[in-house]
Amino acid sequence: MSTTTAGPNVTQRRLLTTPIPGPRSRALMARKARAVASGVATTMPVFATRAAGGIVVDVDGNHLVDLGSGIAVTTVGNSAPRVVEAVQEQVAAFTHTCFMVTPYEGYVAVAEALNRLTPGDHEKRTVLFNSGAEAVENAVKIARAHTGRQAVVVFDHAYHGRTNLTMAMTAKNVPYKHGFGPFAGEVYRAPLSYPFRDGGLDGETAALRAIDVIEKQVGADNLAAVVIEPIQGEGGFIEPAPGFLPRLAAWCRYHGVVFVADEVQTGFARTGDLFACDHEGVVPDLIVTAKGIAGGLPLSAVTGRAAIMDAAHAGGLGGTYGGNPLACAAALAAIETIEAEHLVTRAREIETLMLEGLRALQTRDPRVGEVRGRGAMLAVELVEAGTDRPDPALARAIAGAAHERGVIVLTCGTHGNVLRLLPPLSISDELLRDGLDVLEAAFAASAGGAR
Ligand code: PLZ
């Protein structure tokens, strides 16, 4: 497939005009250091000016292959043509009225689209917010209002955000939580299914292990919600063993616990299904979406069973900007793009192409512990050769070597030892192959333990 979905006129080729970072990026980094709080770190020290298809152009004219999508956001591509047109039309019409003051159609249309597209054909309702964390918080509010219970169960390696409640729900201390407590109460953590690290425990057994912890340490009668990423994102692109999610969902249903899928990172065609839950036919009570929903504009949502969603009293949900008209216009255009350009299928094509290259790498390199993932959400877990000991220094070295060569890759994982690949679905096969070649070179450059 070629680059028909590319937006602005950006040559779809990797091109290095300066070392990374170039002089203009260096100057901007110096300004950033003086002006921006140092708590905001950057993966690469380059500043972007344009992006489309599978390329991000920096201020020095370097064309970087984008295997990150701004952390799984620009799934339909950067400045995707339909998104640009819809936002331009909306920005000229009106920019904001506040949906809670004088509502507008775009918000309702996005709610209708989400009610139609998310798993399950039951009656649904949707509420819109700005960020993933804000939507996760609201899913918990709604589950508590519906059940009259307080406890929330999350999992090892979970990532749900950086606000106070979602910091409590997120597993990893540094960098997300360290020094930022006290955290919200009534959040409990259960063991995940992590096939590479739990001896290949089958999904059913792993679910029963988690359920046992929940029953012993929390009690179903106290439990409002179980919140889980169907494939964990920041925690390491961990795909639970088959059967884990369905078993947990069934337990929740039986006990009247609200089963919440956090599909902030996995949603909107990313995993080769419209939603990751679709893969095993799991129907969550509530589903949280953000990131890929609106082609880069800030929007998030909670969608779910009408009876649960309507449990919160009038005025209990909202916010000044939630469902901003520009973001809604972008979301409708992004959804149209996913459907018109068959991006679910495209994600599966990307999976086939990328897995072939990554698995070839794995057979040659004992530092690759596991290659995993679905669709355009793929990962390489790095270990000390021949062991299962995590090697975060190697992940950093390989990512750094890829960056120097003009490829944007991200790392993740509780141990920081996972390379993750999240290309926009608008990327060409040529750029994917080039990205794989660069990764191979980065592995070679990091041979012999680049510590
Ligand atoms: N739930 C599953 O992946 C955001 C965070 C990057 P916000 N992931 C990227 C960082 O270092 O902050 C995420 C997610 C899942 C919730 C969130 C939170 O979404 O839009 O960043 O609030």
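Predicted model: local features only at pLDDT ≥ 70, side-chain atom pairs only at ≥ 80, totals over all residues.

Q: Let us start with cysteines. How many disulfides does the structure hold?
A: A disulfide is a covalent bond between the sulfur atoms of two cysteines. This structure holds zero disulfides. Take C277: the nearest cysteine sulfur belongs to C252 and is 12 Å away.

Q: Are C277 and C328 buried or exposed?
A: Under 20% means buried. C277 has 2%, so C277 is buried. C328 has 0%, so C328 is buried too.

Q: Now the rings. How many aromatic pairs are there?
A: A pair of aromatic rings is described by the distance of the centres and the angle of the planes. The count here is six pairs. One of them joins F99 and Y107. Their centres are 3.7 Å apart, with 10 degrees between the planes, and the pair is stacked. F99 is partly exposed, at 22% relative accessibility. Y107 is buried, at 9%.

Q: What kind of pair do F268 and F275 form?
A: Check the angle again. Planes over 60 degrees apart count as edge-to-face. For F268 and F275 the planes stand at 70 degrees and the centres are 5.1 Å apart, so this pair is edge-to-face. F268 is buried, at 1% relative accessibility. F275 is buried as well, at 0%.

Q: Which residues form an aromatic cluster?
A: F94, F99, Y104 and Y107 form one cluster. The stacked pair of F99 and Y107 belongs to that group.

Q: Which charged end sits over the ring of F183?
A: That of K177. Its charged end is 5.3 Å from the ring centre.

Q: What surrounds the ligand?
A: Look for the residues around it. Here there are 15, and the closest are G132, A133, R162, D262 and Q265. Then look at atoms. A polar backbone atom of G132 is 2.8 Å from an oxygen atom of the ligand. A133 also has a backbone N or O atom 2.8 Å from a ligand oxygen. With K291 the side chain takes part: one of its N or O atoms is 3.1 Å from a ligand nitrogen.

Q: What should I look for in the backbone?
A: Look for exceptions. Most residues other than glycine have a negative phi, and most peptide bonds are trans.

Q: What is the phi of A72 and of S79?
A: A72 is not a glycine, yet its phi is positive, about 70 degrees. A72 sits in helix α2, residues 69-72, and is buried at 2% relative accessibility. S79 is not a glycine either, and its phi is about 45 degrees. S79 lies in the loop between α2 and α3 (81-93). S79 is partly exposed, at 31%.

Q: Last one. Is N417 buried or exposed?
A: N417 is in the loop between β14 (410-412) and β15 (418-421). Its relative accessibility is 1%, so N417 is buried. Its contacts beyond four places in sequence include R197, V380, P390 and C412.

Key
Residues numbered from 1 in each chain as written. Heavy atoms only, no water. Helix = DSSP H or I, 4+ residues; strand = E, 2+ residues; numbered from the N terminus. Buried < 20%, exposed > 50% of the residue type's maximum accessible area, 1.4 Å probe, protein only. Contact = heavy atoms within 4.5 Å. Disulfide = S-S within 2.5 Å. Phe/Tyr/Trp six-rings, centres within 6.5 Å; stacked < 30°, edge-to-face > 60°. Lys NZ or Arg CZ within 6 Å of the ring centre and 35° of its normal. Near = heavy atom within 4 Å. Polar contact = N/O pair within 3.5 Å; in protein donor to acceptor, adjacent residues only side chain to side chain.
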